[in-house]
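Hi,

Here is the structure I promised to pass on. Please have a look at it first, and my notes follow below.

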Amino acid sequence: MGEFRVKSTEINRRVFVEKSLGMATAVTLSSWTVPAQAAQNDKPKRTRVGVIGCGSVSHVYLPHLSASPYVELVSACDIKPERAERQAARFKIPHHYPNIEDMLAGAAFDLLVNLTDMQEHEHLNRQALHAGKHIWSEKPLANSLKAGQELLEHAKRRGVRVWGAPTVVNSPQFACMARILAGGSLGRVAAAHADYGHTGPDWSSFFYEKGGGSMPDLGVYNLTTLTGLLGPAKSVVALTSIVTPTRAIRDKGRIRVTEEDNAMVLLDHGRGTLSHVQCGFNFFNPHGHEGSKEKRHTVAIVGTTGVLGLVGYDWEPLGVDVATAAAPDFQRQATDKGDYVWQQGASLVAQCLAMGKEPLFTAEHALHVVEIICAARQSQETGQRIDLKSSFNWPVVS
Ligand SMILES: NC(=O)c1ccc[n+]([C@@H]2O[C@H](COP(=O)([O-])OP(=O)(O)OC[C@H]3O[C@@H](n4cnc5c(N)ncnc54)[C@H](O)[C@@H]3O)[C@@H](O)[C@H]2O)c1
C-alpha cells in the first residue's frame with residue numbers, strides 16, 4: 001500500500017470539461033480538508049479503526065487493513081459474536097463486541113468500517129456518526145438520497161467524514177479512461193455500456209431481500225464508473241425483474257426473493273450522451289466470481305471519432321483498449337493496476353485521515369448512485385422516466 005490518487009487541480013477539471021464535453025465552465029473543487037492527526041515518535045500517524053460486520057467481505061478487508069501502517073485495528077463487532085471473536089483473534093484486534101452500542105461505548109476508535117448487510121448500513125452509520133466517528137461504509141451508504149444527505153449534514157456538524165464503496169474511480173484504468181476522454185480523441189461521446197453479473201451469493205439472504213438486490217450489490221460499480229467518466233446523470237429509465245423467485249441460502253434453506261435480481265438501467269448524462277448498465281444475479285459466468293479471469297470489455301464507450309473498452313471488470317481492471325480515427329487499430333493501455341485493489345477503500349480513508357489528504361472518491365458521488373438505484377426502481381414501478389436531483393464534483397480526475 002502507499003500511493004493513492006488525490007483530487008486534481010482546477011486546471012485539470014477545466015481542460016477535461018472543455019475538451020471532451022464542450023462546456024464553458026468548470027466545477028469547483030470541494031474546499032473541505034481533513035485535519036491530520038498528530039504524529040507520534042516519527043511513526044506513521046495511525047487512524048484507530050473499528051470494524052463492524054465480520055462476514056465474507058471482512059476476510060478481504062482485514063488483511064488489507066492490518067497491512068496498513070496507517071491503521072490501528074481497535075475493535076471488531078458482529079451480532080454473531082463468534083464471528084467478531086474469531087476475526088479479532090485472527091487479526092490480533094484487542095477488543096470485540098456483539099453489538100454497535102457496546103462497541104461505541106467500548107475502546108475508543110476514530111473510523112467505523114461498516115461491512116454489515118446492505119439494509120443495516122444506514123442506521124449503523126447514523127449511530128456511529130452521532131457518536132462522532134468517521135465512516136467508511138460498504139455500499140450503500142444509505143437507503144435513499146434524502147437519508148444519505150442527512151447523514152452528510154450531520155457529519156459536517158460533527159466535524160467528521162463519511163465515505164462509501166466502491167473505489168472504482170481510484171484505479172489506473174479509470175484514470176486512463178478519464179484522460180482519454182479529456183484528450184478529446186473520442187470526439188463527441190454518444191453512448192456507453194457496462195455490465196456485471198454472476199449467479200449470486202449463497203451465504204446470506206439479505207442480497208435478495210428488500211433493500212438488497214443486484215443494483216446496490218453489483219450495478220453500483222458500473223453506475224459509479226459511468227457517472228464518474230461521463231458525468232452525473234440527469235434522468236433514468238429502467239426495467240427490473242426477478243428471474244429466480246426462490247434461492248437456497250446456506251444455514252437458512254429456501255428463501256423468497258423480494259428485490260430485483262435482474263436490471264437494465266438507462267442513463268441520460270446530458271449533452272446527448274446516453275449510457276446503459278446491465279446487472280444481475282442470474283448471469284452465467286465461466287469464471288464464477290473470479291474477476292481476474294474476465295477478459296471481455298465490460299465497459300465500452302463510443303464517440304464520433306473513437307471507442308474505448310475496459311478489459312475486465314471496473315473493480316478488477318486489466319487494461320484499456322482504445323481505437324480512434326487517427327489510430328484505428330486497437331491499442332491496449334494501462335495494463336498495470338499498481339496498488340489498486342477493490343477492497344482498499346477503508347485503508348485509504350484511514351491513510352487520508354492520518355495524513356490530512358483527500359481521496360478521489362466522494363460521498364456525494366456514492367449518494368448520486370444511491371439516487372439512480374432508487375430512481376430505477378421508481379421507473380420500473382411507474383413506467384416513467386425519472387429526473388434526478390443530486391450531483392457531485394466532476395470530472396473525477398487524478
Ligand atoms: N462478500 C463479498 O465478496 C463482497 C464484496 C464487496 C462488497 N461486499 C459488501 O459487503 C457487505 C457485507 O457483505 P458480506 O458478503 O460480507 O455479507 P455477510 O453476510 O457474509 O456478512 C455480514 C455480516 O454482518 C453482520 N451483521 C449484520 N447486521 C449487523 C449489525 N446490526 N451489527 C453487527 N453486525 C451485523 C452479520 O452477522 C454478518 O456476519 C455488503 O454490503 C456487500 O454488498 C461484499
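Where does Pro-166 lie? Pro-166 is in the loop between strand E6 (162–164) and H7; helices (H or I, at least four residues) and strands (E, at least two) are DSSP runs, numbered from the N terminus. The peptide bond that leads from Ala-165 into Pro-166 is cis, with omega near 5°. Trp-394 and Pro-395 are also joined by a cis peptide bond, with omega about 5°, and Pro-395 sits in the segment after strand E17 (386–387).

Two notes on how to read all this. Residues are numbered from 1 along each chain as its sequence is written. The model is predicted, so local features need pLDDT of at least 70 and side-chain atom pairs count only at pLDDT 80 or more, while totals for chains, interfaces and linings use all residues.

Now the overall picture. The chain holds 10 helices and 17 strands. Of its 398 residues, 49% are buried. Here a residue is buried if 20 or more other C-beta atoms lie within 10 Å of its own, exposed if 12 or fewer, and partly exposed in between, with C-beta atoms placed from the backbone. Among the contacts in the chain with a separation of 6 or more, 69% come from residues 24 or more positions apart; two residues are in contact if their C-beta atoms, placed from the backbone, lie within 7 Å.

Next, a helix pair. Helix H7 (residues 172–183) packs with helix H8 (residues 214–230) at an angle of about 30°, and their axes are 9 Å apart. Axes are lines fitted to C-alpha atoms, for helices over the stretch in contact, and angles run from 0 to 180 degrees between N-to-C directions. On the H7 side, Phe-174, Met-177, Ala-178 and Leu-181 meet Thr-225, Gly-228 and Leu-229 of H8. By class, this contact of H7 with H8 has five nonpolar, two polar and no charged residues. In that scheme Ala, Val, Leu, Ile, Met, Phe, Trp, Tyr, Cys and Pro count as nonpolar, Asp, Glu, Lys and Arg as charged, and the others, Gly among them, as polar.

Helix H2 (residues 58–67) has a buried side. Its buried residues are Ser-58, Tyr-61, Leu-62 and Leu-65. They cover an arc of only 95° around the axis, which puts them on the same side of H2; the arc is that of the directions from the helix axis to the C-beta atoms. The face of H2 turned away from that side carries the exposed Val-60, Pro-63 and Ala-67. The cover over the buried residues of H2 includes E1, strand E2 (71–77), helix H3 (81–90), E4 and helix H9 (345–355).

In helix H5 (residues 121–130), the buried residues are His-121, Glu-122, Leu-124, Asn-125, Ala-128 and Leu-129. These pack against strand E1 (47–52), helix H4 (100–105), strand E4 (111–114), strand E5 (134–137) and helix H6 (145–158). Just after H5, Gly-132 takes a positive phi of about 80°.

Which residues other than glycine have a positive phi? Arg-271 is one of them, with phi near 55°, and Lys-92 has a positive phi of about 50°. Arg-271 lies in the loop between strand E11 (262–268) and strand E12 (274–280) and is partly exposed, with 15 other C-beta atoms within 10 Å. Lys-92 lies in the loop between H3 and strand E3 (95–97) and is exposed, with 8 other C-beta atoms within 10 Å.

Asp-117, in the loop between E4 and H5, is partly exposed, with 18 other C-beta atoms within 10 Å. Leaving aside neighbours within four places in sequence, Asp-117 is in contact with Ser-204 and Phe-206. Pro-286, in the loop between E12 and strand E13 (297–303), is exposed, with 7 other C-beta atoms within 10 Å. Pro-286 and His-198 are 88 residues apart in sequence and 9.3 Å apart in space, C-alpha to C-alpha.

Best wishes
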